[in-house]
Amino acid sequence: LIFFAGRTENVWVAVALLSLAAAAHQGWAANLLTIASDLFPSAAVGTVTGIGGMAGSVGGLLFAAAVGWVLTRFHVYSALFVVCSGAYLLALGIFRALVPRLARVDGLLLPAAGARGQ
């Protein structure tokens, strides 16, 4: 749907499509944030979430730089809407490739409570 936001002539249709995309993103993010607690032991959830947050921040940094380059070079948003419309499908495909079966990870080597300074 986000692809059509760059193709419409009506500003309110574009706003409605972008609003729908933002709501869908919130649903995606809420589910994504619970995956770490579903898959990993409680002692590892913070670490896994931190690594994921760092990866997301680096991805956001690189994407912002790419957006600036595309807008400076081509002066169009349509290419960005095409990329955004496929980003979630690509992310879902990568996730399913990395985690083909949603099951808790057992046997993680975690430091003992005394080794963590407690």
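Which residues lie nearest the centre of the second largest pocket? They are Ile 2, Ala 21, Ala 22, Cys 84 and Tyr 88, out of 12 lining residues. A pocket here is an open set of points on a 1 Å grid over the protein atoms alone, where a 1.4 Å probe fits, with protein on both sides within 12 Å along at least five of seven lines; lining residues have an atom within 4 Å of a point.

First, some ground rules. This is a predicted model, where local features need pLDDT of at least 70 and side-chain atom pairs count only at pLDDT 80 or more, while totals for chains, interfaces and linings use all residues. Residues are numbered from 1 along each chain as its sequence is written, and side-chain values use heavy atoms, without hydrogens and water.

Back to the second largest pocket. Its volume is about 330 Å³. Helix 2 gives the largest share of the lining, 7 residues. By class, the lining has 10 nonpolar, 2 polar and no charged residues.

Now take the largest pocket. Its volume is about 1200 Å³. It has 28 lining residues, and Trp 28, Leu 32, Gly 52, Gly 56 and Ala 91 lie nearest its centre. Helix 2, helix 3 (42-74) and helix 4 each supply at least two residues of this lining. The lining divides into 20 nonpolar, 8 polar and no charged residues.

Next, look at helix 4, residues 78-98. It has 21 residues, and at 1.5 Å a residue it should span 30 Å. The expected span is 1.5 Å times one less than the number of residues. The end C-alpha atoms are 30 Å apart, so the two agree. Still, helix 4 bends by about 35 degrees at Ala 87. That bend is the angle between axes fitted to the seven residues ending there and the seven starting there.

Finally, the rings. The structure holds 2 aromatic pairs (centres within 6.5 Å; planes under 30 degrees apart are stacked, over 60 edge-to-face, the rest tilted). Trp 28 and Tyr 88 have ring centres 5.4 Å apart and planes at 75 degrees, so this pair is edge-to-face. It links distant parts of the chain: Trp 28 sits in helix 2 (residues 11-39) and Tyr 88 in helix 4, 60 residues apart. Trp 69 and Phe 74 have ring centres 5.8 Å apart and planes at 85 degrees, so they too are edge-to-face. Trp 69 counts as exposed, at 52% relative accessibility. Phe 74 is partly exposed, at 46%. The cut-offs are under 20% for buried and over 50% for exposed, with partly exposed in between (1.4 Å probe, protein chains only).

Conventions
Helix = DSSP H or I, 4+ residues; strand = E, 2+ residues; numbered from the N terminus. Phe/Tyr/Trp six-rings, centres within 6.5 Å; stacked < 30°, edge-to-face > 60°. Points joined across faces, edges and corners; volume = space filled by probe spheres on them. Nonpolar A, V, L, I, M, F, W, Y, C, P; charged D, E, K, R; others polar.
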